[in-house]
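Subject: Structure handover

Hello,

Here is the structure for you to look at, with my notes below it.

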Amino acid sequence: EKKGGIDLRALPIVIQGQPLPDEGKPEGFKGDIGDYRLSVKVDRTQVEANQPVTITTEVSGKGNIKTITAPVITLPQGFKEYEGGGSEDISKDNYTVQGKKVFEKVVIPTIPGKLKIPPVQYTFFNPDEKKYEILESEPIFLEVKPSAKQEELVGVSSSGGAAPKTEVKRVGEDIRFVKTAVS
């Protein structure tokens, strides 16, 4: 029996969610759900070795933009990588959340030559189509020239008597350089 009090209890709200199907679930799926598009840009395709290149990936469309995970960039040997900045732009239109999320990755090619970065991939579940989708960019081709510093080093060692010759002698686990006479 209540005396002057207000009963604030409410009936529980039951939400029934459907689990995502295991059938057709790709290996690279990280839980993103929505209807998305992928755009990939590189700030330059010609660069000196050990100079940075920024790869910008943009995922846009309808869904939970805040939880979008970064597209997968698989780098071959000869690269160092660093995560860059990013941004998101979200709007609601007719109760539909949409927008875009931008990711930046800085890669540094360490070897000269014509280098190919495989296609960037982004995987998500499309609830309208009730299926998993994998978006894939074109491969990225970089023309990497030897750096000026590398050319200087090559120039010194190939100029004959400019640098003294050295031998490497193994003593236990240490490596010691033994100088020999310059011919």
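Is Tyr36 buried or exposed? Tyr36 is buried, since its relative accessible area is 4% and the cut-off for buried is under 20%. Please keep in mind that this is a predicted model.

Overall layout

The chain contains eleven strands and one helix. Read from the N terminus, the order of elements is β-β-β-β-β-β-β-β-β-α-β-β. Of the 183 residues in the chain, 25% are buried. The chain exposes about 13500 Å², and 52% of that area is supplied by carbon and sulfur atoms. Taking contacts in the chain between residues at least 6 apart in sequence, 67% of them join residues at least 24 apart.

Aromatic pairs

The count of aromatic pairs is five. One of them joins Phe29 and Tyr132: the ring centres are 5.0 Å apart and the planes stand at 80°, which makes the pair edge-to-face. Phe29 is located in the segment before strand S1 (34–42), while Tyr132 belongs to strand S8 (residues 131–136), so this pair ties together parts that are 103 residues apart in sequence. Both residues count as buried, Phe29 at 16% relative accessibility and Tyr132 at 12%.

Another pair is formed by Tyr36 and Phe124. Their ring centres are 5.4 Å apart with the planes at 80°, so this pair is edge-to-face. Because Tyr36 lies in strand S1 and Phe124 in strand S7, the pair ties together parts that are 88 residues apart in sequence. Phe124 counts as buried, with 0% relative accessibility.

There is also an aromatic cluster, which consists of Phe29, Phe125 and Tyr132.

Thr123

Where is Thr123 placed? Thr123 is in strand S7, which covers residues 121–126. The relative accessible area of Thr123 is 9%, so the residue is buried. Leaving out residues up to four places away in sequence, Thr123 touches Pro26, Gly28, Phe29, Asp32, Glu133 and Ile134. Phe29 in that list is the residue that pairs with Tyr132.

Pro139

Pro139 sits in the loop between S8 and strand S9 (140–145). With a relative accessible area of 25%, Pro139 is partly exposed; the cut-off for buried is under 20% and for exposed over 50%. Which residues does Pro139 touch, not counting residues up to four places away in sequence? They are Lys116, Ile117, Pro118 and Pro119. For Lys116, the C-alpha separation from Pro139 is 6.7 Å, while the two residues are 23 apart along the chain.

Regards

Technical notes: Residues are numbered from 1 along each chain as its sequence is written. This is a predicted model: local features need pLDDT of at least 70, side-chain atom pairs count only at pLDDT 80 or more; totals for chains, interfaces and linings use all residues. Side-chain values use heavy atoms; hydrogens and water are left out. Helices (H or I, at least four residues) and strands (E, at least two) are DSSP runs, numbered from the N terminus. Buried means under 20% relative accessible area, exposed over 50%, partly exposed in between (1.4 Å probe, protein chains only). Contact means heavy atoms within 4.5 Å. Rings of Phe, Tyr and Trp (its six-membered ring) pair if their centres lie within 6.5 Å; planes under 30 degrees apart count as stacked, over 60 as edge-to-face and the rest as tilted. Accessible areas come from the Shrake-Rupley method with a 1.4 Å probe; for residues, only the protein chains shown count as cover.
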